[in-house]
Amino acid sequence: MLIERIHHVAYRCNDAKETVDWYTRHLGMSFILAIAENEVPSTKAPDPYMHVFLDAGNGNVLAFFELPTQPSMDRDRNTPTWVQHLAMKVDSIDTLVATKAKLEAAGIEVIGPTDHTIFKSIYFFDPNGHRLELACDCGTPEMYRKLDEVKWDMLNEWSKTKKAPMHARWMHDRSLSA
């Protein structure tokens, strides 16, 4: 089997209308579909929901569920806030910087741009508390080749030691000489 692409990624939201408004206004996504049911199709459980879908570009769809009868949303308290996030690609550093300015002008706190060597990114939260990242690639073919060459060695070493392998230390030293 070969997966063609991700059909959609779904998260929970506090308010479907507020979420659609936020993503269309701040990230330029189009609202493409709403599905509402009083019963979960897969389980037949009585649980009313609103399921909204947004066009995230290039066939990518971001979806949200509003679940009014369920307990209030919360996050995984055993995972740091910086770990769980949705990263979306933008075309350039100029777009990244302009989007940061637009978000900040709307009162949204933004971290970055952060330099990850092979990409730069900004981080912020949506109105539901989901951490979002916008990233633009800036790595060279040589950088990606070097990372590809060591990926399995790094994974295998990590699996045994649970300590960061140094195979790609050059990314943090900003040098390809390592």
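A contact here means heavy atoms within 4.5 Å. This is a predicted model, in which local features need pLDDT of at least 70 and side-chain atom pairs count only at pLDDT 80 or more, while totals for chains, interfaces and linings use all residues. Residues are numbered from 1 along each chain as its sequence is written, and side-chain values use heavy atoms, with hydrogens and water left out.

Start with the whole chain selected. Among contacts between residues at least 6 apart in sequence, 48% join residues at least 24 apart. Along the principal axes, the C-alpha atoms fill a box of roughly 60 × 40 × 35 Å.

Next, switch to the cartoon view. Four helices and eight strands are present, where helices (H or I, at least four residues) and strands (E, at least two) are DSSP runs numbered from the N terminus. From the N terminus on, the order is β-α-β-β-β-β-α-β-β-β-α-α.

Now show the surface. The chain exposes about 11,600 Å², and carbon and sulfur atoms supply 56% of it; the areas come from the Shrake-Rupley method with a 1.4 Å probe. Of the 178 residues, 30% count as buried, that is, under 20% relative accessible area (1.4 Å probe, protein chains only).

Then select helix α2, residues 93–105, and within this helix pick Lys100. Is Lys100 buried or exposed? Lys100 counts as buried because its relative accessibility is 19%.

Conventions. Buried means under 20% relative accessible area, exposed over 50%, partly exposed in between (1.4 Å probe, protein chains only).
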